[in-house]
There are 2 protein chains.
Amino acid sequence: MSQYFEKRLTEAGLKKTKHRLLVLNILNATKTFLSMDDIFNQAIKVEPTISFSTVYRILEMLSSHHIVKEVNVDISKQTLYELAHDDHTHHLICLRCHKVIHVEGCPIHDYQDAVASKHNFTMTNHNLDFYGYCKQCETQQNK
Amino acid sequence: MSQYFEKRLTEAGLKKTKHRLLVLNILNATKTFLSMDDIFNQAIKVEPTISFSTVYRILEMLSSHHIVKEVNVDISKQTLYELAHDDHTHHLICLRCHKVIHVEGCPIHDYQDAVASKHNFTMTNHNLDFYGYCKQCETQQNK
DNA sequence: GTAGGTGCAAAGAGTTTGCATACGC
DNA sequence: GCGTATGCAAACTCTTTGCACCTAC
């Protein structure tokens, strides 16, 4: 997997540093969104000398190259991060455990076109996030 | 209109103060989302002695009573606010002028049910926001 | 009169930047 | 060796809170 990330960095004209690969591997290893803090706390276990501003600048740079995606969802006031996927997905976000389920496919492309044309609006993208409770949390909540 | 807001405050068991009514009227008068700063700057023109923390606490309280809705969208890192509407709407948000167009109707209720059942997820709500350029901005951008 | 609302000032949390040093190419 | 990446520390922005005074009910 690291090889894939090295390739992506090279393609983007970025140097392959251990810190960048570390951040990418952390993002790849998790299935939920991560905050700057989350990533830093995981990173420092592997590279004790890494600093917060390095993680900050790595995420900023990877975002600007569309290798990482910034996410603003209602489970946190902080900016969260995930690896950018080529495929268009939406999210089911558990309000309790904050697990994120990626849902492939998109039901609204036709609708988007219709609304855009009705309102003379040029669409560039959309966000669709669902909030609720995953099966485990739903069960525990009822106890 | 103020009478309507007075009624809502009373119903929520909140005192009717001039500051609260002012904040509500400011939110009502605008068609875009407003940040704390925006609201404070408009408020201080009418009530020069109002303080930032008052506006902050008013918005917090109105949000908790579902009279005002907090909105997190990608045009600002700040929390934005709008009056809560009873009807379920989605937004077209202009990335250039930040105008917000409310779109009634929702194309995804059926889809939501299908996805929820497929993933054993209990849905409570969803966000669907469209980003792009309104007609005026699209025209100007091409100049 | 009393409970709740407000103003002021300061603290917290999260984010961003400047600069000297270290490292990838 | 050159130019970019990093570490450290401090600044900045936005948000939140404590406390004394004030106002709606």
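1. Start with the largest pocket: 38 residues line it, and A:K69, A:E70, A:V71, A:N127 and B:D74 lie nearest its centre. A pocket here is an open set of points on a 1 Å grid over the protein atoms alone, where a 1.4 Å probe fits, with protein on both sides within 12 Å along at least five of seven lines; lining residues have an atom within 4 Å of a point.

2. Keep in mind that this is a predicted model, where local features need pLDDT of at least 70, side-chain atom pairs count only at pLDDT 80 or more, and totals for chains, interfaces and linings use all residues. Residues are numbered from 1 along each chain as its sequence is written, chains are lettered from A and ligands numbered from 1 in the order in which they are written, and side-chain values use heavy atoms, leaving out hydrogens and water.

3. Back to that largest pocket: its volume is about 1000 Å³, counted as the space filled by probe spheres set on the points, with grid points joined across faces, edges and corners. The largest share of its lining, five residues, comes from β6(A); strands are DSSP runs (E, at least two residues) and helices likewise (H or I, at least four), numbered from the N terminus.

4. What about the second largest pocket? It holds about 790 Å³ of space. Its lining has 29 residues, with B:K69, B:E70, B:E82, B:N125 and B:N127 nearest the centre. Here β6(B) gives the most, with six residues.
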